[in-house]
Amino acid sequence: MEAETALIWNPIMRQYLVNAPHRMSRREGTTTCPFCEDITAGRIDSQTRVWLHPNDFPPLLPPIGEAYVLIYSRDHDRTFTQLSVDEVNAVTHLWRNVYNDLATRYTTVMIFENSGESIGQTQFHPHGQAYGVSIIPTVLQIELETIIQDEAAGGGCPFCRVRAELSDHVHEVASNGTWQAFLPPFVRYPFETHLYPRRHVANLGLMQDDELRDLADILLRVIRGYDALYDGAMAPMPYLLGIHQLADERFHMHMEIQAIGRAPGKLKYAASSESLWGLWMNDSLPSQKAQELSEAIAISTSDQTNPGSGGGIHATD
C-alpha cells in the first residue's frame with residue numbers, strides 16, 4: 001500500500017505537522033532486523049561499516065521530503081557507547097554525506113536519534129535517522145529568527161554569545177579542541193545537554209574533518225557519562241538526540257540531547273503545562289546537574305582508559 005503523506009498547516013499555531021497513518025504499526029512484534037538483512041542479502045559491501053537504509057515507513061515522500069535510517073555498525077548487538085571514537089567518527093562522516101546530499105533538494109535536513117524503549121525505540125541495531133524536509137520546522141525557525149533579531153540589534157550571533165558565556169563555567173560539562181558540551185541554565189530536562197562547535201559554522205556540510213572527529217569524541221564522552229550517573233543506576237539512559245542546522249550561514253549549528261531520565265528509576269515526562277502550553281518545569285537545578293554530569297563523564301572516561309577499574313558504565317544505543 002502506497003504511503004499517504006502530507007504536510008498539514010495549523011493556522012492557529014502557524015506551524016506544520018505531518019499526517020502519516022501508515023506508520024502506526026511499523027514493525028511491532030517482528031523478529032527480523034531489516035538492517036542485518038542489508039548484510040545477509042548482499043545489499044552492502046563486505047567492507048562497509050556505516051550505511052544508509054531507505055526508511056521502510058517514510059513519513060514524507062518527494063517532493064515534500066525523504067526519510068532514511070543511518071546504520072552505525074554492522075554488529076546488531078553493539079550499542080552506541082560500545083563503539084570506538086574511530087567508529088563514531090565514521091558515523092559523523094556519514095552524517096555529513098547525508099546532509100550534503102539532502103541539502104541539494106530540501107530546505108531542512110533533520111538528523112536525529114531516538115534511544116530507549118521508554119521513548120518508543122523499536123529497532124535496536126545501532127542507528128539514527130535523517131529527514132530531508134521542504135519546510136523549516138518551528139524550532140529551527142524560532143532559532144533563526146532569534147539570530148536575525150540579535151544581529152539587527154548589534155548583538156551578533158546569540159549562540160556564539162551563549163557559548164562564550166558558558167565556557168569554563170559550572171555549566172560546561174566537557175570540551176575538546178573544537179567542541180564544547182554544556183548543560184545550560186535554560187534546559188528543560190535535568191540532564192539535557194547542548195553541544196556547540198567552537199567555530200561559528202552553519203551545518204555539517206561546512207564541518208572540517210578534525211571537527212567531525214572531535215564531535216565523535218565529545219558525543220561518546222557525554223553519552224557514556226549519562227550511563228555512569230549514580231554508579232550506573234540510570235543506565236541505559238533514554239534520550240532524544242538532534243542536530244540543529246540550516247544552509248543559512250548566519251545559523252550556528254549545534255546538537256541537543258534530551259536525556260529523559262531525571263533520577264534512578266524515574267523519567268521526565270512532558271506534562272500538561274509543558275505539552276499543552278510550552279511552559280517547561282525543570283525538576284532540578286541545572287548547575288547542580290551539570291556538576292553531577294561532569295563528574296560522571298570524568299568517571300566514564302577514566303573507566304575507558306583503565307578498563308579494569310570498574311565503574312558504572314552500562315551502554316545504550
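In which sense do S9 and S11 pair, and over how many bridges? In this predicted model, the two strands pair in the antiparallel sense over 3 bridges, and Thr-193 has Ile-257 in S11 as its bridge partner.

The chain has 7 helices and 13 strands, and its C-alpha atoms fill a box of roughly 55 × 50 × 40 Å, taken along the principal axes. For 317 residues, a compact globule would have a radius of gyration near 20 Å, and the value of 19 Å for the chain agrees with this. Buried residues make up 48% of the 317 residues. Among contacts between residues at least 6 apart in sequence, 66% join residues that are at least 24 apart.

The strands S9 and S11 belong to an open sheet of 9 strands, which has the order S3-S4-S6-S5-S10-S11-S9-S8-S7 and antiparallel pairing. At its edges are strand S3 (51-54) and S7, each of which pairs on one side only. Neighbouring strands of this sheet are turned by 20° against each other on average, direction ignored. In general, strands of a sheet pair through backbone hydrogen bonds, in either a parallel or an antiparallel arrangement.

Within this order, S11 lies between S10 and S9. Strand S10 (residues 239-244) pairs with S11 in the antiparallel sense over 6 bridges, and the bridge partner of Tyr-239 in S11 is Ala-259. Is S11 enclosed by the rest of the structure, or open? Because 6 of the 6 residues of S11 are buried, the strand is largely enclosed by the rest of the structure. His-254, Glu-256 and Gln-258 point one way from S11, while Met-255, Ile-257 and Ala-259 point the other way, and all are buried. Further along the sheet, S8 and S9 run antiparallel and are joined by 4 bridges, and Phe-182 has His-194 in S9 as its bridge partner.

Helix H4 packs on the sheet, where it touches S7, S8, S9 and S11, and its direction makes about 110° with that of S9. The buried residues of H4 (residues 158-166) are Pro-158, Phe-159, Val-162, Arg-163 and Leu-166. These residues cover an arc of only 140° around the axis, which puts them on the same side of H4. They pack against helix H3 (138-152) as well as strand S7 (172-175), strand S8 (179-182), strand S9 (193-197) and strand S11 (254-259). H4 is followed by Asp-168, whose phi is positive, near 55°.

Side chains of opposite charge can pair when their charged atoms come close, and a search of the whole structure finds 15 salt bridges. One of them is formed by Asp-150 and Arg-161, with the closest N and O atoms 2.7 Å apart; this pair links distant parts of the chain, with Asp-150 in helix H3 and Arg-161 in helix H4, 11 residues apart. With a relative accessibility of 19%, Asp-150 counts as buried, the cut-off being under 20%, whereas Arg-161, with a relative accessible area of 33%, is partly exposed.

Another salt bridge joins Arg-199 and Glu-211, whose closest N and O atoms are 2.8 Å apart. Here Arg-199 lies in the loop between S9 and helix H5 (209-228) and Glu-211 in helix H5, so that distant parts of the chain, 12 residues apart, are linked. Arg-199 is partly exposed, with a relative accessible area of 33%, while Glu-211 is buried, with a relative accessible area of 3%.

Asp-283 forms a salt bridge with Lys-268, the closest N and O atoms being 3.7 Å apart. Because Asp-283 lies in the loop between helix H6 (272-277) and helix H7 (286-305), and Lys-268 in the loop between strand S13 (266-267) and H6, the pair ties together parts that are 15 residues apart in sequence. Lys-268 is buried, with a relative accessible area of 5%. Finally, salt bridges that share partners join Glu-66, Asp-101 and Arg-105 into one network.

Methods. Residues numbered from 1 in each chain as written. Predicted model: local features only at pLDDT ≥ 70, side-chain atom pairs only at ≥ 80, totals over all residues. Heavy atoms only, no water. Buried < 20%, exposed > 50% of the residue type's maximum accessible area, 1.4 Å probe, protein only. Arc of directions from axis to C-beta. Contact = heavy atoms within 4.5 Å. Pairing = 2+ DSSP bridges. Axes fitted to C-alpha atoms, helices over the stretch in contact; angles between N-to-C directions. Salt bridge = Lys/Arg side-chain N within 4 Å of Asp/Glu carboxyl O. Rg over C-alpha atoms; globule rule 2.2 N^0.38 Å.
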